[in-house]
Structures are given as structure tokens and as C-alpha cells.
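Student: I've got a model open and I'd like to go through its labels one by one. Can you walk me through where they come from?

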Amino acid sequence: MKYLKIIIVVLFFSFNYCFIFSQNDESQRKSELSDEILYKILPRIPVNVAHKYIYTEKSKIARELSSGNTQNFERELTYHFTMVAPSPLDNNGFQTVEISVDSIDYKFKNKDTTIYFNDQRDDLRMPKLDDYQIKMVPLGLNFQLTFSPYHDIAKVGGDILIEKRDYITSPNTAPSDEMVKFTWLNGLKDESLITIFDVIKGIPPIEKVAIDSIWSKQIISNVEDGIFVDSVDFKLINFNIQSFTIKGQSKNFKAIPDKVRLFSINQLVDLVDIKGKSDYTIKMHPRGSINQLNIKYNVEEHYKIENDILIQKIETEKNWFLEKMYNW
């Protein structure tokens with residue numbers, strides 16, 4: 001009987017030891033399986049490597065006038081532009097890039113007519129349409145964007161840009177037509193240039209993230225010259241050897257009230273409100289280049305004209321595509 005008790009005690013401790021060991025081993029396996037892979041999504045602009053982008057913008061605009069009449073317009077706009085960094089990041093993490101706007105392709109359509117223009121074709125005349133005059137302001141421009149360590153724009157500058165702004169504002173050279181003067185100053189202001197030619201937009205997260213991680217950003221946006229802050233939640237959807245895929249959806253818009261020139265209206269209007277939604281898709285190469293950025297807006301903008309309110313319902317798709325990279 002004594003030996004039987006000893007055997008039972010030994011078996012009891014052996015069983016518990018195996019059970020505890022098994023639990024610890026299982027916990028370790030679960031811990032190993034739950035360890036997430038974290039990715040550093042870091043934009044990089046190599047020195048003297050030109051990035052040639054094609055920016056396209058397709059818009060459908062329904063304009064509701066105070067009389068109750070509705071006008072419908074469509075526009076397709078393409079800029080070809082080049083971005084190159086002449087020097088690396090400085091000691092504080094800032095980097096300046098040179099932007100050159102090389103060409104424009106333009107198509108405008110309403111119920112009565114279709115107008116097309118490409119500045120590279122000698123057989124086409126430049127449109128006198130005021131919408132084209134608004135959109136062509138950046139054509140041929142060379143300027144600089146300085147990125148901060150947080151991937152957003154810290155400064156917009158460059159000698160040519162400053163000279164153009166001075167030319168437009170100087171009493172000796174400023175256009176006599178105030179609408180023309182406003183159009184050029186508005187098209188050359190920081191926000192207008194950033195919303196078109198900044199392809200990074202501060203979107204990549206600062207910290208390392210895992211698949212399905214979510215982070216929030218505020219993006220300066222422009223739809224039909226209405227400037228607003230788009231608060232967006234971004235998520236890392238996928239990673240492979242060719243690209244990170246990031247998607248984003250807006251949480252809310254906040255209009256930046258300002259004067260706006262709308263085509264076919266012969267006076268400036270006040271942007272008072274904007275509402276709607278946006279969807280972002282970003283394809284970014286692991287080496288740091290933005291290969292593609294797509295933003296779809298579905299918005300409603302409210303403008304004040306004297307004592308009236310004008311409403312524009314706008315569907316706009318903007319796409320930035322990296323056509324090629326080459327040594328500068």
C-alpha cells in the first residue's frame with residue numbers, strides 16, 4: 001500500500017509538470033504567432049533622380065444657380081511635371097525638391113460645345129475660355145517644395161516663383177484687370193501648388209505600422225479652387241515586394257473661407273461651406289517612391305454671391321502616376 005501511494009504521488013507531479021510545460025509551450029507559440037510584422041513606410045527622394053509624373057483630373061460639375069437653373073460641365077485636365085532633389089536631407093531632416101511643370105492637356109465640355117487644347121501641338125489655338133485661363137497658371141513654372149521630417153510641406157519657394165509673384169503685384173507690371181490679377185495670384189499661392197504637385201501629402205505614418213493599422217492625417221485639398229482641410233483615416237492594406245498599398249477615407253471636411261473665382265462668373269465669390277467625402281488609394285514602392293496616388297471626391301460646395309447662394313455638386317477624380325525615373 002505504501003508503494004502504491006508513492007506511485008500515485010509521482011504520477012500526480014509528473015502529470016502537473018507536463019501540463020504546466022504544455023501550457024507554457026502553447027503560450028509561447030501563441031505569443032510568437034501574435035507578433036505582428038511592423039513596416040517603416042518611409043518616402044525617399046534620391047538625389048539627382050528625376051521623377052516624372054502625370055497628373056490627371058476628371059471632373060463633373062453641376063452648378064445650381066439662385067434662379068433654380070442647373071448647368072452641367074465636364075473637364076479633363078492633365079499636367080506633366082518633373083520632381084528632382086538636388087541635395088539630400090539636411091541635418092534636421094528637411095529636403096528641398098525642384099518642380100517643373102512641363103505641359104498641359106485640357107478638355108472642357110458643356111451642353112453647347114467641347115473645347116480641347118494641348119500646349120505641345122502647334123495646330124491648336126490657345127482657348128480664350130476663362131476656365132482654361134484659371135487652369136493654365138502653373139504651366140511652365142519652376143519652383144521648390146521643401147519637405148519636413150514629417151513628410152509634409154514646410155515651405156514653397158524658388159526664385160522664379162517669387163519673381164512671378166512680384167511681377168503680378170508690382171504697381172509697374174501688375175495686370176490692370178483685377179480678375180486676371182486674382183487668377184494668377186490664386187494659382188501661384190502655396191495651397192494651390194501644394195494640392196497639385198505634392199505627391200506625398202504627409203500621408204505615410206511616422207511610426208512603424210502593421211497590416212490593418214490605422215492612422216489619421218489632415219490633408220490640404222482643393223476642389224474647384226475651394227480649399228479645405230480633409231481629415232482622413234488611413235489604413236495599410238497590403239505589402240509585397242513591389243508596393244505598399246494604403247487606403248484612406250475622409251472623416252470630415254473643414255472649409256477654409258476665402259475668395260474664389262468660378263469660371264463663367266464675372267465676379268469673385270466667397271466659399272462658405274463644403275461637405276462630402278473622399279477616398280484615397282496610394283501605391284508606394286518599398287524604396288520610397290510614390291508610384292500612384294488616387295483621390296476621389298464627391299462634394300457639395302456653397303458660395304455666397306452678394307445676397308445669393310450658389311451651389312456646386314462636384315465629382316472629381318485626381319490621379320498621380322509615376323511615369324518614369326531617370327538620372328538628372
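This is a predicted model: local features need pLDDT of at least 70, side-chain atom pairs count only at pLDDT 80 or more; totals for chains, interfaces and linings use all residues.

Student: Take Tyr55 and Trp320, then. Why is this aromatic pair called tilted?

Tutor: The ring centres of Tyr55 and Trp320 are 4.9 Å apart, and the cut-off for a pair is within 6.5 Å, so they pair. Their planes are at 50°; under 30 degrees would be stacked and over 60 edge-to-face, so what remains is tilted.

Student: And what makes this a link between distant parts of the chain?

Tutor: Tyr55 sits in strand β1 (residues 49-64) and Trp320 in strand β13 (residues 308-327), 265 residues apart. Tyr55 and Trp320 are both buried, too.

Student: How do you know that the pair of Tyr79 and Phe197 is tilted?

Tutor: Run the same test: the centres are 5.8 Å apart and the planes are at 55°, so tilted it is. This pair also joins distant parts of the chain, with Tyr79 in strand β2 (residues 70-84) and Phe197 in helix α5 (residues 190-197), 118 residues apart. Tyr79 and Phe197 are buried as well.

Student: Which residues do ring pairs link into a cluster?

Tutor: The cluster holds Tyr53, Tyr55, Tyr79, Phe81, Phe143, Phe197 and Trp320. Phe143 turns up again in the largest nonpolar core, which has 73 residues; Phe143 is among those with the most contacts inside it, along with Phe234, Tyr280 and Ile282. Strand β12 (residues 290-305) gives the largest share of this core, 7 residues.

Student: What is Phe143 in contact with, leaving aside neighbours within four places in sequence?

Tutor: Its contacts include Val97, Ile99, Leu161, Leu193 and Phe197.

Student: What makes Arg63 count as lying over the face of Phe263?

Tutor: Arg63 is at 4.5 Å from the ring centre of Phe263. The limit is within 6 Å, and the charge must also be within 35 degrees of the ring normal.

Student: Last one, helix α4 (residues 178-187). How do you know that its buried residues are on the same side?

Tutor: The buried residues are Met179, Phe182, Thr183, Asn186 and Gly187. They cover an arc of only 120° around the axis, which puts them on the same side of α4. What covers them includes α2 (130-135), α5 and β10 (259-260).

Student: And what happens at the start of α4?

Tutor: There, a side-chain oxygen of Asp177 comes to within 2.8 Å of the backbone nitrogen of Met179. The cut-off for a polar contact is within 3.5 Å, so this distance passes.

Definitions and conventions. Residues are numbered from 1 along each chain as its sequence is written. Side-chain values use heavy atoms; hydrogens and water are left out. A nonpolar core is a set of buried Ala, Val, Leu, Ile, Met, Phe, Trp, Tyr and Cys residues joined through side-chain atoms within 4.5 Å. Buried means under 20% relative accessible area, exposed over 50%, partly exposed in between (1.4 Å probe, protein chains only). Helices (H or I, at least four residues) and strands (E, at least two) are DSSP runs, numbered from the N terminus. Contact means heavy atoms within 4.5 Å. Rings of Phe, Tyr and Trp (its six-membered ring) pair if their centres lie within 6.5 Å; planes under 30 degrees apart count as stacked, over 60 as edge-to-face and the rest as tilted. The arc is that of the directions from the helix axis to the C-beta atoms. A polar contact is a pair of N or O atoms within 3.5 Å; within protein, one must be able to donate a hydrogen and the other to accept it, and residues adjacent in sequence count only if both atoms are side-chain atoms.
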